[in-house]
Amino acid sequence: MERPAPDCSYPACFFCVMKKANPVKRRASISKFFKDLPGQNEDGQVLAISGLWNTAMAYPNDPEFVELGVFECMAQLIWKGIQNHHWLAQDQNIYIPYYAAHIIGSYTMNMEAFAEEAVRAGVIPALLELLRGRSTWVEQRVAVRALGHLATYDSTFPAVAANRDILELAIQLAIDAVEIVYTHFLQFVDKRMSYHCDLLTRGMGGLEMESRKAEEWASQLQCWSLQLINCFAFKEEFLPTICHTDFLQQLPCMWGGLVNESSPAGVGVLRTICHQRLGRLKVAECPCIIEALCNIARSSDDWQYMAVDCLIWLLQDSNTRFKVLDTAAVALGDLAELPSLGEHKQRSELLTSVLLEGYMPHSSPPNVMHTSSRTQKLLNSISAQRTKSNWEKAAPKEDLQLKQAASLVVKLEGNARFSSGDVSGAAAKYSEALTLCPVKAKRERVVLYSNRAQCHLLLKNPKAAISDTTRALCLHNPVNRHGKSLWRRAQAYEMLGLYKESLLDAILYINECFQAPIDETDQKQQVNRVPEYVERLINKQMQAAWLFKDSALKHGDIQYARNQDLDSQGSEEEKEEQDEFNEDEDEEDESDSEWETASESDQEQDDQSKNLDPKCVQKGEKKAAGSSSSIFKGTTLH
């Protein structure tokens, strides 16, 4: 290498090489730099590697360094770090294997040609050693990221798959990732490796920032392992390795926590598995997975549509349909009127067709073999709803308006019963009103389902509340944005101990609170747009759904366990302090329903509605209401 500039203190300075004006000499010097760097032991090498890392992150599609040998150089530096502990301990060389693997991952992220060059340069064996844990979890994180990128392309996947250990290591890492980060970094503050702290925070922030970033990196370590596994899951020959019951059952719980914004994580792998016959057979044998998919499908999870896809494919396969129908039909029945889901359009017709496949309503009894009486009743209801919808298309508008008016009268009777404490009677009236209400009157049906869900909450029937709130959210325009239904479903999921689903619904409800118009004359509403009891629920659920919760309980995070005990002792007192739920807004988009005449009467009823008196309900429904004061929040009816 040419002599460095007089003011440079490093004999092998990458930055001096980059300053060369002549492009031919510059490229030759860069190529020589990449060849010579692994054999040098001078201090300051980390500066060059960190500079390369910045360049790779900023310009991952630039071919210059790839053409000049950056992959060979990075692979050799990883090997040097693994084999030469004396060199690794000198200066700041301990950072170099991390940066080297990260550089490989960045350059192979978008360009298949770069990935092919990386494989030819021999990066896979070096990355595999990091994946084995020959260094620390920090290096494992960037190694699994790089291998995931290489496995994405058809041309380079065979080179990754040739190392069978990679899949098994990725599965184990996905299982252990969160616990590894907790026990090797987060749990013992005074034992945290300084270079880990520096990499996490880039020198910015203290312990709080370290802990927050550690949670983010633990999520990435798990999610990137799952992405690598997902590449193998597309190939049926690897499904026997992936589809171990213990691993499959853990996949729905691998969601990456709130810090995960971009990866479908465990449900994404399940979707790939369910796309193949062998995978569907394995998944159908695990009832707990089907139940978990149903919960995700009826939640505010960003990857809701993936769970729905899994359930649809399982029902479409004759080999798995009747193994999952009793469980899946409930969730998909609640979603049957969902107009769209993400980029997937016309979901309603597909869901209905899948549920009613092979169903003959005019047979006696209906042809729904191998199903429970509950499922038969549900399919009868879905079939009747389809028939009713078809009939309404040809019915005179006046007849439909009369039916809607009758539905409104029955709804008002239900409201009166609810206010008097007859919760069971109110639920029956709302059911009767739903039978009368035209299918196209979506806004009115949202109200009826949501009101009936409140009754189910008071009657301690959370599963029925989840069903009705989900139906209300599917009918609402926009989908999944009805505030009261979100809050009620959050409470129902809490009653079932499904903290993640409860948390996601509560967070989405808060978003609706902030987007709702406010009364400028109400100073209290302007200051506190989110009720305090909602904040308390979210704080509680964030602790319960914390990414490291299980690891903390298992490995003795005394402070966390103490906080949890105090929280459980104080939860009943907190519930008694909750404020009355905000009045629901009735000003909705007129395009959501064509029944303006009947809809206008809802506003008059809202003006007359009174908040439910807990004493009144406890008198009328003493056994049902009990001491569950938290579910009186949001009982104002429509």
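## Helices α7 and α9

In this predicted model, α7 passes α9 in a left-handed crossing. Helix α7 covers residues 96–107, and helix α9 covers residues 123–131. Their axes come within 11 Å and cross at roughly 130°. The two helices are therefore oblique to each other, since an angle has to be over 145 degrees to count as roughly antiparallel.

Which residues make the contact? From α7 come Pro 97, Ala 101 and Ile 104. From α9 come Val 123, Leu 127 and Leu 130. By class, this contact has 6 nonpolar residues, with no polar and no charged ones. An α-helix has 3.6 residues a turn, so residues three or four places apart point the same way.

## The protein as a whole

The protein holds 36 helices and 2 strands. It has 638 residues, and buried residues make up 54% of them.

Sequence separation gives another view.

## Asn 163, between α11 and α12

Asn 163 sits in the loop between α11 (157–161) and α12 (165–186). Is Asn 163 buried or partly exposed? Its relative accessibility is 25%, so Asn 163 counts as partly exposed. The cut-off for buried is under 20%.

Leave aside the neighbours of Asn 163 within four places in sequence. Asn 163 is then in contact with Ile 124 and Leu 128. Asn 163 and Leu 128 are 35 residues apart in sequence. In space, their C-alpha atoms are 8.5 Å apart.

## Helix α14

Helix α14 runs over residues 207–233 and has 27 residues. From its first C-alpha to its last it reaches 39 Å. That is close to the 39 Å expected at 1.5 Å a residue. Helix α14 is mostly covered, with 19 of its 27 residues buried.

Helix α28 takes in residues 483–495, which makes 13 residues. At 1.5 Å a residue it should span 18 Å. Its end C-alpha atoms are 19 Å apart, which agrees.

How many residues of α28 are buried? The count is 12 of the 13, so α28 is largely enclosed by the rest of the structure. The buried residues include Gly 483, Lys 484, Leu 486, Arg 488, Arg 489 and Tyr 493. Among the elements that cover them are α19 (287–297), α26 (442–458), α27 (462–475), α29 (499–515) and α31 (532–544).

At 0% relative accessibility, Ser 485 counts as buried. Setting aside its neighbours within four places in sequence, Ser 485 is in contact with Ser 450, Thr 469, Ala 472 and Leu 473.

## Helices α28 and α31

Two packed helices are described by the angle between their axes and the distance between the axes. For α28 and α31, the angle is about 40° and the axes are 12 Å apart. These two helices are therefore oblique to each other, because roughly parallel needs an angle under 35 degrees. Helix α28 passes α31 in a left-handed crossing.

On the α28 side, the residues that meet α31 are Trp 487, Ala 490 and Glu 494. Their partners in α31 are Tyr 533, Val 534, Leu 537, Lys 540 and Gln 541. The residues of this contact divide into 5 nonpolar, 1 polar and 2 charged.

## Backbone exceptions

Most residues other than glycine have a negative phi, and most peptide bonds are trans. Where does the model depart from this pattern? Ala 265 has a phi near 55°, a positive value in a residue other than glycine. Ala 265 is found in helix α17 (residues 265–274). With a relative accessible area of 5%, Ala 265 is buried. Lys 460 is not a glycine either, yet its phi is positive at about 60°. Lys 460 lies in the loop between α26 and α27. At 43% relative accessibility, Lys 460 counts as partly exposed.

The peptide bond from Asn 477 to Pro 478 is cis, with omega near 5°. Pro 478 has its place in the loop between α27 and α28. Just after α28, Gly 497 takes a positive phi of about 75°.

Notes. Residues are numbered from 1 along each chain as its sequence is written. This is a predicted model: local features need pLDDT of at least 70, side-chain atom pairs count only at pLDDT 80 or more; totals for chains, interfaces and linings use all residues. Side-chain values use heavy atoms; hydrogens and water are left out. Helices (H or I, at least four residues) and strands (E, at least two) are DSSP runs, numbered from the N terminus. Buried means under 20% relative accessible area, exposed over 50%, partly exposed in between (1.4 Å probe, protein chains only). Contact means heavy atoms within 4.5 Å. The expected span of a helix is 1.5 Å times one less than its number of residues. Axes are lines fitted to C-alpha atoms, for helices over the stretch in contact, and angles run from 0 to 180 degrees between N-to-C directions. Angles under 35 degrees count as roughly parallel, over 145 as roughly antiparallel, 65 to 115 as roughly perpendicular and the rest as oblique. A crossing is left-handed if the near helix is turned anticlockwise from the far one by less than a right angle, and right-handed if clockwise. Ala, Val, Leu, Ile, Met, Phe, Trp, Tyr, Cys and Pro count as nonpolar, Asp, Glu, Lys and Arg as charged, and the others, Gly among them, as polar.
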